[in-house]
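Let's take a walk through this model together. We will start at the place where two chains meet and then step back to look at one of them.

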Amino acid sequence: MLRKISLTVALIVLVGGFFVLNSENGYSAKRPVGEQSQAQTPRKASSVAAQRNILSGMVTDPQGFAIAGARVRIPGLDDFLLTDELGMFQRLLVEPWLQHVEVFVTAGKEGWLNGGARSNPLQRNIRIILQKVPDFDDPLYQTMITSPISSRIQRSQRDCANCHTTHMWEWGASKMGKTVRNERVLASYKKLQKTISTRQANTCADCHAPIAAQKAPGQTDLAWAFSGGNLSNGIECDFCHKIRDVQVDNRSGVQKIESNRITLGRGMMSPILVSGPYDDTVNMVMAASYNPLYSKSEFCSACHQNAVSLPENSSWDPNSIYPEADQYPLYEDGQVVPDQWTYQEWLEWQNSLPENAENKGQQCQDCHMNWTKNMMPYYRYVVSGNVRRSMGTERSPKSIYPHKFEGATPSRLTGSVNLQVQSMQEEGTLSVQVGVTNVNAGHRLPTGEHSRNMILLVSAEDEDGSPLDFQDGSVVPAWGGFGGGKTDYAGLAGKGFARITVDGNGTINVPVWQAAAIQSDNRIKPAQTDLSEYKFKVPEGRDEEIFFITATLIYRKSFPENDADMGWEPEEIIMKEKTIESGDGGL
Amino acid sequence: MMLKKIICSSLLLMLAAASAQAGIIRGKAEGGKLLKKSPAVVYLADVKGDFIQPAQNPTMDQRNMTFIPHVLAVQTGTTVDFLNNDEVRHNVFSPSKEKYNLGTWPRGEVKPYTYTEQGVYNQLCNVHPEMEAFVVALDTPYFATTDADGNFEISGVPEGEYTVKVWHEKLKFIKQTAVVPENGIVEASLQKRGR
């Protein structure tokens with residue numbers, strides 16, 4: 001960008017020196033010197049200088065009708081203007097480096113393809129024409145495949161990865177890039193097929209293999225998609241960036257999205273229609289359309305909000321578990337059992353915040369499409385290589401959305417909770433209170449699949465490491481695992497955090513598709529603290545000693561019973577561990 | 001076994017006292033790779049007195065999505081300057097002890113916070129959940145942060161008997177007794193406790 005500006009400035013200095021010189025003497029570049037009267041000179045001088053520094057114009061459709069509310073911007077800059085009712089805009093070019101150069105100005109509005117026009121120092125008044133996005137979705141459209149593996153077969157000039165290389169690698173390594181080829185998902189799906197109707201089972205592909213499922217929403221076999229029916233590994237670029245709207249309801253993935261799967265023009269050089277969060281992307285390769293939905297949680301709700309419908313005339317009372325349920329339509333008066341419920345959890349958190357709260361308005365993308373330490377150094381272009389010079393827009397890192405979609409990684413889990421441990425020692429008993437606070441997640445902890453759970457373990461020992469006997473207090477429930485394995489914690493001092501389902505026979509912790517209701521849900525809401533208490537026996541005559549109390553919070557992807565059933569190795573992440581000394585001795 | 005370790009360590013502390021300089025405790029904490037990633041804070045517990053505050057505020061910087069340093073030990077009453085030197089906006093908050101939220105601000109701005117209560121403050125950013133650091137506020141000026149190899153040195157310690165304790169975000173250490181002579185260096189070898 002800097003190089004571009006420098007070159008343009010140099011050009012203006014060389015070629016336009018005449019105009020600058022004459023402007024200082026009060027002459028317009030278009031008029032010969034002799035035509036100006038002396039009386040007019042001073043006024044003309046300020047007028048020309050002022051015009052050079054005022055960027056103005058109009059945004060219209062091809063027929064010349066004004067487009068109000070369009071976002072007008074110099075690409076890459078943070079600030080933008082909104083056109084008024086007449087489609088007009090005006091901006092002072094206060095930046096010295098913009099005042100003497102040609103400036104490309106863009107405009108974007110939802111439902112329209114972004115457009116742009118050039119403004120030079122002599123003609124700062126411009127017109128930007130926007131074309132309407134065709135209101136059409138072609139079910140026969142062939143979605144472009146960008147998956148790093150399968151694209152070896154398919155890769156062509158129309159591959160997103162050719163320009164967006166960094167985003168492609170980020171996405172390819174993320175879970176979003178592997179939704180089809182996730183062995184655990186496939187194994188769960190096969191188990192599901194044995195226990196419920198095919199129709200119910202086939203909603204899995206609506207999120208996990210959406211390109212295949214888009215041809216037959218709610219009716220696509222995930223195993224077929226996995227075995228080659230869908231060349232994609234995951235949620236493809238061309239799938240996501242063709243989405244036009246998402247209905248916020250309890251259906252799955254492609255059942256509730258509206259797309260614009262169309263090809264503009266013909267041949268390899270026809271621009272690729274792409275929707276996204278940028279209103280300043282204008283080039284020959286992509287027909288980009290600004291869509292604010294891409295930076296809102298509603299977009300993510302396509303797959304992170306759904307529920308399983310109960311049979312006709314069946315229902316449960318969601319208010320018994322979620323007191324706020326009657327305020328939200330997504331609970332559907334208990335005619336559904338929550339499955340992926342993260343969007344609703346986020347919504348309840350946002351609605352609970354006062355207007356001036358710091359996190360008010362924070363969206364899923366603000367956390368899950370944000371920078372992390374392992375992405376450093378920052379990059380400033382969302383395109384790579386030579387494309388940067390020809391079509392790239394230099395951006396501030398704060399307006400770039402890395403595509404790693406990080407979720408339950410160890411560092412995120414660690415930073416999302418806080419443990420508080422307090423103790424009191426009297427008459428042969430060490431009393432302990434443990435607080436677990438969700439300090440940094442905008443949804444419950446844990447969230448997502450109903451199998452995600454957390455285990456809190458609390459122990460006390462003397463200086464030699466000999467444990468104190470647990471006397472009384474909270475214990476890890478049966479679903480914490482009774483098998484005697486190293487990850488079976490049931491009955492130990494501590495607690496379990498999970499959403500527990502129940503079927504019509506009263507069997508708990510059944511898969512959500514077999515559930516009749518939610519029996520309990522003690523997962524921790526944003527900014528909420530869970531308190532639990534424990535008593536340990538201090539050996540006789542050792543009341544004066546100092547003991548060490550340790551609280552450990554563990555994240556688990558699945559319940560032990562399910563792990564055993566599926567033949568999976570338990571996956572655990574220690575979220576936090578804290579050790580204190582009894583009394584006031586520790587920090 | 002554990003008792004034997006403690007006795008050995010205490011003996012070592014006493015025997016190693018030399019007369020080269022006044023009031024220095026130096027030594028090494030065992031911890032391997034974990035100490036390279038995250039230093040430990042070695043401090044003398046239960047030392048009473050009116051201590052002078054540091055003349056200059058220590059800084060906790062934010063750069064490349066990281067709090068720098070990862071562990072900052074300060075004396076209670078000290079004001080820490082939180083600086084954002086990154087290209088994106090950062091927040092500074094802690095859910096520990098005094099609980100504070102200094103807000104969110106862009107590059108180049110600084111916000112101060114004064115620690116009045118002893119404790120470990122988990123330092124977080126609510127814009128970037130994976131960012132984490134620790135401020136360890138101590139009622140004593142006698143503390144040190146270990147280097148990557150676990151070495152530390154606490155200087156200017158008055159003559160007397162002290163309890164040497166260690167805080168680390170993951171490791172647990174055996175506390176020790178150090179007898180500091182009127183003039184001299186006390187060597188200490190700090191060992192991990194338990195598993």
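Which residue of chain B forms a salt bridge with A:E581? Keep in mind that this is a predicted model. The partner is B:K165, and the closest N and O atoms of the pair are 3.0 Å apart. In total, 5 salt bridges are counted between chain A and chain B. Polar contacts join 14 residue pairs across this interface, counting pairs with both residues at pLDDT 80 or more.

Which parts of chain A supply the side that touches chain B? At least two residues each come from α15 (364-368), α17 (410-416), β16 (417-426), β24 (548-556) and β25 (572-581). Of the elements on this side, α17(A) gives the most, with 5 residues.

Now for the extent of the interface. Here 37 residues of chain A are in contact with 38 residues of chain B. The area buried between the two chains is about 3100 Å², and carbon and sulfur atoms give 48% of that. On the chain A side, A:E358, A:E463 and A:L587 lose the most area to chain B, together 23% of what that side buries.

Stepping back, chain A as a whole has 18 helices and 25 strands. Of its 587 residues, 51% are buried. Its accessible surface is about 28200 Å², with 53% belonging to carbon and sulfur atoms. Among contacts in chain A between residues at least 6 apart in sequence, 65% join residues at least 24 apart.

Conventions
Residues numbered from 1 in each chain as written. Chains lettered and ligands numbered in written order. Predicted model: local features only at pLDDT ≥ 70, side-chain atom pairs only at ≥ 80, totals over all residues. Heavy atoms only, no water. Contact = heavy atoms within 4.5 Å. Buried area = accessible area lost by both parts, 1.4 Å probe. Salt bridge = Lys/Arg side-chain N within 4 Å of Asp/Glu carboxyl O. Polar contact = N/O pair within 3.5 Å; in protein donor to acceptor, adjacent residues only side chain to side chain. Helix = DSSP H or I, 4+ residues; strand = E, 2+ residues; numbered from the N terminus. Buried < 20%, exposed > 50% of the residue type's maximum accessible area, 1.4 Å probe, protein only. Areas by Shrake-Rupley, 256 points an atom, 1.4 Å probe, with all protein chains shown as cover.
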